[in-house]
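This briefing concerns the secondary-structure packing of one chain. Please read it with the coordinates open.

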Amino acid sequence: MAQVNPVVGDIDGNAALITDAVGKSLTHSVDVVVFPEMVLTGYPVEDLALRPAFRSASINRLKSLATELKSIGADKTLVLVGYLDEGEKPLNSLALIYGGAVVAKYTKRHLPNYGVFDEFRNFGPGEGTLVVRYKGVDIAVAICEDIWIDQGPVSKLSERKPGLVLVPNGSPFERSKEDVRQQLVRKRAMDIGAPLVYTNM
């Protein structure tokens, strides 16, 4: 879990954070590195998501980041990077990078619109679930709010019986929320029948 602190809008600086963290992981023979939600763009991006040039910068930097990770020797490491993608509306997405390329993508399905969150206005929802096999383990992914919804992606993931679930998050600090979060994650791990890795900024 690479619990880094990206800066909103600093795509190149955030890419450097990612490369540095993955580089350090190589000295520990790590197989998988999972970063927080939208780590490449910083989070929350708010109305930056509506700028076509910013979306293009995120997508293009993701591609070059994949090449950079291969060049530092991380081509056999599975790296999960949150970024801003393009669709009918902007997308809060997660890229799975391996071998110098983006090999799979997942888009956040449930978009919070309460408290400090304004995602429903800025993003389009994703569809379906994603499970990839890596080193003999079926790895499922979800993004933040997706695990808070009782009949959301988690119910579908339990049917697919993954061996591990990776969940990047951009949750802000909230007094007394930690106990609630831990209870939720414990419940979801039991619902799915697999360990759940919750990585926050």
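Which residue stands opposite Val141 in strand 7? It is Leu166.

The model is predicted, with local features requiring pLDDT of at least 70 and side-chain atom pairs pLDDT 80 or more, whereas totals for chains, interfaces and linings use all residues. Residues are numbered from 1 along each chain as its sequence is written, and side-chain values use heavy atoms, leaving out hydrogens and water.

- An open sheet is formed by 4 strands in the order 5-6-7-8, with mixed pairing (strands are DSSP runs of E of at least two residues, and helices are runs of H or I of at least four, numbered from the N terminus; two strands pair if DSSP finds at least two bridges between them).
- Strand 5 (130-134) and strand 8 are at the edges with a single partner strand each, so one side of each lacks a neighbour in the sheet.
- On average, neighbouring strands of this sheet are turned by 25° against each other, direction ignored (axes are lines fitted to C-alpha atoms, for helices over the stretch in contact, and angles run from 0 to 180 degrees between N-to-C directions).
- Strand 6 (residues 137-141) pairs with strand 7 in the parallel sense over 3 bridges.
- Strand 7 (residues 164-168) also pairs in the parallel sense with strand 8 (residues 196-199), over 4 bridges, and Leu166 stands opposite Val197 there.

**Helices across this sheet**
- Helix 4 (residues 153-160) lies across strands 5, 6 and 7 and runs at about 40° to strand 5 (contact means heavy atoms within 4.5 Å).
- Helix 5 lies across strand 7 and strand 8, at about 145° to strand 8.

- Strand 2 (residues 78-85) and strand 3 (residues 91-98) run antiparallel and are joined by 7 bridges; Leu84 stands opposite Asn92 in strand 3.

**Helix pair**
- Helix 1 (residues 11-26) packs against helix 2 (residues 52-71) at an angle of about 25°, with the axes 10 Å apart.
- Helix 1 is therefore roughly parallel to helix 2 (angles under 35 degrees count as roughly parallel, over 145 as roughly antiparallel, 65 to 115 as roughly perpendicular and the rest as oblique).
- Among the residues making the contact are Ile11, Ala15 and Val22 of helix 1 and Phe54, Arg61 and Leu69 of helix 2.
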